[in-house]
Amino acid sequence: MPATLSRRQALGLGVLGAVSCAVTLSSCVPSVTPSPTTTRWPSFSRPELPQPPVVRSKEGLLTTRLNARADVLGIGVERDITTVTYDGRIPGSTWDFRPGDRLKVELVNDLPVIPDYNHTHNDFGTDLTRPHEWTTTNLHTHGLHVSPRGNQDNVFVSVRPGKKFDFDFRIPEDHQAGFFWYHPHRHGAVTQQVRGGMAGGMIVRGDLDEVPEIAAAEEKVLVIQAIELGPDYKLMPPIPDPSKSEAFYPRTQIFWTINGVFRPTITMYPGEVQRWRIVNAAEGKLASLRLAGHKLAAIAHDGMTLAEPEPADDTFLGPGNRVEVLVKAGSAGLYDLVLSPGSSQKPFLPGMPQTTQPPGPSGTVSPELVPRLLATIEVRGEGPEMSLPESLPVFDPEILPIARSREVAYTVNRRGDGTFVSFGVNGHPYDPARAPYRMKLGTAEEWTVVNGADEGFVHVFHIHVNPFKVTKINGVPLEKPLWRDTFTLGPRLGDSFTFESNFTDFTGQFVQHCHVLSHEDLGMMEALEIVA
Ligand SMILES: [Cu+2]
């Protein structure tokens with residue numbers, strides 16, 4: 001890399017464009033071009049929703065190669081985009097396998113070398129609380145109950161540009177059926193790679209797939225992403241030491257895509273039931289989906305099956321959440337699948353489970369957060385009337401006796417003058433030298449996650465390896481507990497939720513963190529360890 005290149009040119013992914021997101025996060029309102037409208041992309045150009053390529057396990061073994069690389073590709077907008085990808089595609093392939101299978105994944109990192117920032121300490125903290133080495137990567141299997149050790153779901157692995165790593169995941173024989181996703185999880189690099197589009201779906205097949213009404217339904221994967229680009233349609237490099245007028249993660253436009261396509265069409269016939277496996281793979285963004293004129297019923301959240309289908313007129317997804325919905329088409333016509341985007345700063349969305357009331361309207365909404373068309377549903381033709389199941393093979397394992405309780409506060413560290421220092425957990429930014437919080441194998445714990453920062457922002461709790469059962473929001477017991485692996489925490493100081501989790505099957509170190517990944521890269525992550 002010639003020394004004369006500026007660090008912003010070094011990625012080969014574009015130069016700095018206009019940004020106006022101050023480093024003081026409380027005034028962090030990105031300036032963006034108005035969201036694309038159907039005037040720019042006429043409705044007649046809407047392509048049918050493609051499915052990502054599928055890699056299936058055979059005789060208990062799934063083998064694949066995953067190539068992380070920058071590439072130029074079309075997403076159905078007026079120009080090709082330049083971003084980071086798996087295998088030159090957005091999203092990556094869907095992996096389709098069964099409990100008891102083995103997943104052998106060769107991760108090859110062909111992302112470009114960037115200058116080493118380890119020596120560019122700045123006024124705001126160390127590099128560990130700033131974007132760094134964002135072309136180094138690894139692989140996280142979000143939601144899978146697998147070992148965090150060695151070459152399995154180990155987020156402490158670093159695969160530098162030009163290197164490769166062989167992952168070998170062992171799926172337990174009793175793993176639940178559901179929809180999961182994979183994405184990079186290398187601290188300091190996560191935001192940049194996920195916002196560029198590096199993500200893919202994972203299907204674990206099992207009992208849910210054998211419910212007759214579900215087996216009869218056409219199945220579609222919907223990987224929802226928000227690709228963040230500069231004015232030249234190129235992913236912009238992060239700025240580890242931004243000025244007051246810059247953002248850590250600059251962008252001037254965001255394209256919400258499904259399976260890598262901007263505003264696709266999903267075709268159904270009246271009375272048809274389709275099964276949509278949906279993941280919100282958009283970095284740091286909340287999403288609420290609404291589709292009028294059809295019957296929508298959720299059957300699983302975060303890969304955990306409900307007892308029965310539940311109405312899903314407003315489907316809320318925090319970043320990282322999945323939902324599986326059965327969609328029964330209404331009468332013939334064209335319908336809008338409308339996305340209401342939310343952010344850490346603007347969290348209140350229809351369908352969001354919370355007990356606090358949203359504030360009244362105030363000021364203007366950022367163009368990034370204006371509701372928009374995500375896809376068109378075209379209902380036409382004819383076929384047999386289909387039905388929804390009445391009951392489902394519920395995921396609701398018994399919680400072991402609670403061995404211990406703890407409180408986890410998501411915090412923001414600021415100087416006396418209000419300047420941002422870092423994000424943290426219980427006041428501590430992520431530090432690999434810090435001893436992990438330890439849980440004992442074969443026990444359960446009750447944790448209360450608290451918004452410990454008076455910033456008015458939501459944070460999104462995610463823990464690896466074991467899912468959790470949300471029992472209370474703001475101290476109020478829920479009538480129906482919610483099984484999740486990712487949960488959006490309310491925006492006010494002291495907002496909380498309480499969960500119970502079994503720590504079964506696997507020992508080893510892993511993490512819990514905010515799934516607003518930019519918060520994670522800036523320190524909102526904690527190491528954990530399950531010990532025998
Ligand atoms: Cu956060």
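Let me begin with a definition: a residue counts as buried when its relative accessible area is under 20%, as exposed when that area is over 50%, and as partly exposed in between. By that rule Arg414, with a relative accessibility of 26%, counts as partly exposed. Please keep in mind throughout that what we are looking at is a predicted model.

In the model as a whole, the count of salt bridges comes to 34. Among them is the one between Arg69 and Asp71, at 3.0 Å from N to O, where Arg69 is partly exposed with a relative accessible area of 27% and Asp71 is likewise partly exposed, at 22%. Another joins Arg380 to Glu378 at 3.2 Å, again from N to O, and here Arg380 is partly exposed, with a relative accessible area of 47%.

Now to the metal site. Which residues coordinate the copper ion? They are His459 and His519, each through ND1, and Cys514 through SG, at 2.0 to 2.1 Å. Along the chain, these donors follow the spacing H-x54-C-x4-H. His459 lies in strand E26 (residues 459-463) and His519 in helix H3 (residues 517-521), so this pair ties together parts that are 60 residues apart in sequence. As for accessibility, His459 is buried, with a relative accessible area of 0%, and His519, at 6%, also counts as buried.

Finally, let me turn to the second largest pocket, which holds about 610 Å³ of space. Its lining is made up of 31 residues, and those that lie nearest the centre are His301, Leu306, Glu310, Leu482 and Arg484. Several strands give two or more residues to this lining, including E16 (295-301), E18 (314-317), E19 (322-328), E28 (476-484) and E29 (486-489). Which element provides the largest share of the lining of this pocket? That is E17, with seven residues. In terms of residue classes, the lining of the second largest pocket divides into 16 nonpolar, seven polar and eight charged residues.

Definitions and conventions. Residues numbered from 1 in each chain as written. Predicted model: local features only at pLDDT ≥ 70, side-chain atom pairs only at ≥ 80, totals over all residues. Heavy atoms only, no water. Donors = N, O, S within 2.8 Å, 3.2 Å for Na, K, Ca; no water. Helix = DSSP H or I, 4+ residues; strand = E, 2+ residues; numbered from the N terminus. Buried < 20%, exposed > 50% of the residue type's maximum accessible area, 1.4 Å probe, protein only. Salt bridge = Lys/Arg side-chain N within 4 Å of Asp/Glu carboxyl O. 1 Å grid on protein atoms, 1.4 Å probe; cavity = no way out; pocket = protein on both sides within 12 Å on 5 of 7 lines; lining within 4 Å. Points joined across faces, edges and corners; volume = space filled by probe spheres on them. Nonpolar A, V, L, I, M, F, W, Y, C, P; charged D, E, K, R; others polar.
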